[in-house]
Structure formats: C-alpha cells, structure tokens
Amino acid sequence: MYERNAGASRRSFLAAAGGAATVGLAGCLGGDDGGLDELTVAHMPIYPDLQWYVMEGEGYFSEIDAEIDGREFTDGPAIVQAFSGGDIDIAMFGIVPAMIVIDNDIPAQVTAANIREPMGVMADSSFHDTFEEHGADAFGVWEEEQGRPFRFGTFPQGSVPDVLLRYWLRETGVDPEANDSIEIREINGANAVWQAINGGDIDGTSIMEPVPTIAREEGSSVTMLRTAAEILPGQPAAVTLMSDAVRDSPLAGQFLEQHARATEFIGESPDATAQHVESGIGMPADRARTALDSPLSNFVTDPASISEATPVFSEFAASNGQIDEQLSNDQIFDFEVYDSL
C-alpha cells in the first residue's frame, strides 16, 4: 500500500525498545506539588489517530505543561499490555482495546473520540446488485454462481472493523457462524487487507481509509457497499483513553484542547494535514489528500458523538470474551474533561 518513511520507522523502533525498557516510568512525578511533568502517549500509525500527527507536526504540544513522550505501536493489544504495565498515561487506539484496559480494572476512561463512522463494508461490484435484490440470501446466490463462499477479509475478530462487519451481517439477517456461504478471514493490517483485495484473495472487507481510496484509485472491483454511517450512525473507532492520574490533573484539559485544535485543523487545512500524514504515517500526500475528502474521514473530539453506538461494541466485546461483561457508558467514558473546555 505504501512504504513507511525512515523517520517513522525509526520512531517505531524506538517505541518498541522504549516500551520494553521503561516499565513504571509513565507520568513521572515532578515539582513540589507532585504534579505530572511528563505524559507518555501511545498511538498508532493509522488514519483514525491523525490528531496525534497534527499535534506533533504543528507543535501543539508546546501548549501543554508537561513533556510529551510519544510511543508508536503497531497494534492495540500491545498498547493494552503497556497501559496495564504502567508505561502509558494516554492511549490513542481502538474503542475495544480501551474497554479491555477498563475491564482489567486499570483506572482509566475514554475522554475523547478521534473519529466516528470511519469504516465501510466493501464488496466486489458484481455482488452489489445481488445484495440489493436478495438481501441476506445474496450470499447463497453468490455461492451458487461462483461455486464458493463469499470471502470477507478484515482485522482479527473483536477488532473495530470486525465488529462492524459482524454487526452489519447480523442486522441484515445473516449469522456468519452458521452460514456456510460466508467466510471471514482474519488479516493483520490495512496493507495486508489491500494486498488481499488486489490479489483477488477476498471478495469484500470492512475497513477504514486509506484502503477504500487506494482501491478506487487502482480500479479495484471491490468497492463500497455500505458506509458505517449507513450501518451504525455514530460508530466508534479510535478514542483517547486517559489514566485517572491524568484525568484528575489540569493536563487532561490541556491535552484535549490541543486534540480539539488538531481536529479543527484537519477540517480547515486538508492540504497541510495531508503533509502531516505523509511525514507521520508515510502515506503519499496526494493520496492522503484524496482520502481526507472521503465520507469515512469524520474526525471529531467530543466523546458524546460516539456514545450512542458504543454499547454495540461493548456487547460484542463481551460476547467475544474480550471483557468479562458488557461495560456501561458510565464505566467507559469521562465526558467532563471535554465538556469543561
């Protein structure tokens, strides 16, 4: 899909090395008042974490009364482990990993959304009319015509794209566990999903940008069937999780103020934002600029904008055994930090 630039790769290496070597150092105490003088922030090189790269690139962290130590991770489970080990003060990652942290009795809550409705269900264009005509029976029609099941490929079970796919199938009237005309393959990473699409290994996916933009620009036969806004309005995805120590300090509001500032920047300055995507994530700026115009690029900060749909994800996380029981919004969210801005 794209090659990470050398700087980003170096940051990834340092994040991995530093994350393993700094257990217990997150949120270092300093000053006579025992306040936090450093915030360790976990993030991922993905589109839904774009606020991080804008805050970093535009120098917004200078407005926060603490040193910001950014740690780049490649997946949510690694951030969960680091957060549980006391290495992380703030994490920008998926809503389901955030629930896992909270379910593990780690004192933390979600204080911001990063994006809403960023996923889409894509399918081979030849399937679109079949689905519109037959609905839940379309997969059986496909199998009769193709001689094999319809093959979805997305992130591992329990991930945000996987939950959206399974929710959509359920709402359509399809049980993927019982329907032999559907196969869901687990694929790690957006780049691998695109390669599977491009190689003809899968017929559809549930995925976020930039894969839909790349597929469109490359003339792929796999195109958008339903957006998250059509499937589950207010769908949560990447969020900002803060430890209680941070939430109880002025730094929480300061960080969210810059987060909201970055969200505004993304909406008002897409050309400059695309440059931050290239330098921070490694995606070519021209392609990043196109993806910013996508209906899936809905960057937000207000956590209330995803609260209504979050119980769906909590239900799936509980049914998958990722959390012991479904969490309530009161357990997941702290709305007061954002509301106080």
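1. Aromatic pairs. Rings of Phe, Tyr and Trp (for Trp, its six-membered ring) pair if their centres lie within 6.5 Å; planes under 30 degrees apart count as stacked, over 60 as edge-to-face and the rest as tilted. On that basis, the whole structure holds 14 aromatic pairs. F333 and F335 make a stacked pair, with 5.0 Å centre to centre and 15° between the planes.

2. Basis of the values. This is a predicted model: local features need pLDDT of at least 70, side-chain atom pairs count only at pLDDT 80 or more, and totals for chains, interfaces and linings use all residues. Residues are numbered from 1 along each chain as its sequence is written, and side-chain values use heavy atoms, with hydrogens and water left out.

3. Accessibility in the F333 and F335 pair. Buried means under 20% relative accessible area, exposed over 50%, and partly exposed in between (1.4 Å probe, protein chains only). F333 has a relative accessible area of 4%, so it is buried. F335 has 26% and therefore counts as partly exposed.

4. Aromatic cluster. One aromatic cluster is formed by F127, F131, F139, W142, F150, F152 and W168.

5. H259. This residue sits in helix α12, residues 250-268. Helices (H or I, at least four residues) are DSSP runs, numbered from the N terminus. H259 has 0% relative accessibility, so it counts as buried. Its side chain makes a polar contact of 3.5 Å with the side chain of T240. Such a contact is a pair of N or O atoms within 3.5 Å; within protein, one must be able to donate a hydrogen and the other to accept it, and residues adjacent in sequence count only if both atoms are side-chain atoms.

6. Surroundings of H259. Contact means heavy atoms within 4.5 Å. Neighbours within four places in sequence aside, H259 touches Q51, M55, M92, A112, A113, N114, T240, V300 and T301.

7. Helices α2 and α13. Helix α2 (residues 50-57) packs against helix α13 (residues 270-280) at about 95°, with axes 9 Å apart. Axes are lines fitted to C-alpha atoms, for helices over the stretch in contact; angles run from 0 to 180 degrees between N-to-C directions. The two are therefore roughly perpendicular, a label for angles of 65 to 115 degrees. L50, Y53, V54 and G57 of α2 meet T273, H276, V277 and G280 of α13.

8. V211. Helix α9 (residues 211-217) contains V211. V211 is at 0% relative accessibility, so it counts as buried. I197 is 14 residues away in sequence and 9.6 Å away in space, C-alpha to C-alpha.

How values were computed. Angles under 35 degrees count as roughly parallel, over 145 as roughly antiparallel, 65 to 115 as roughly perpendicular and the rest as oblique.
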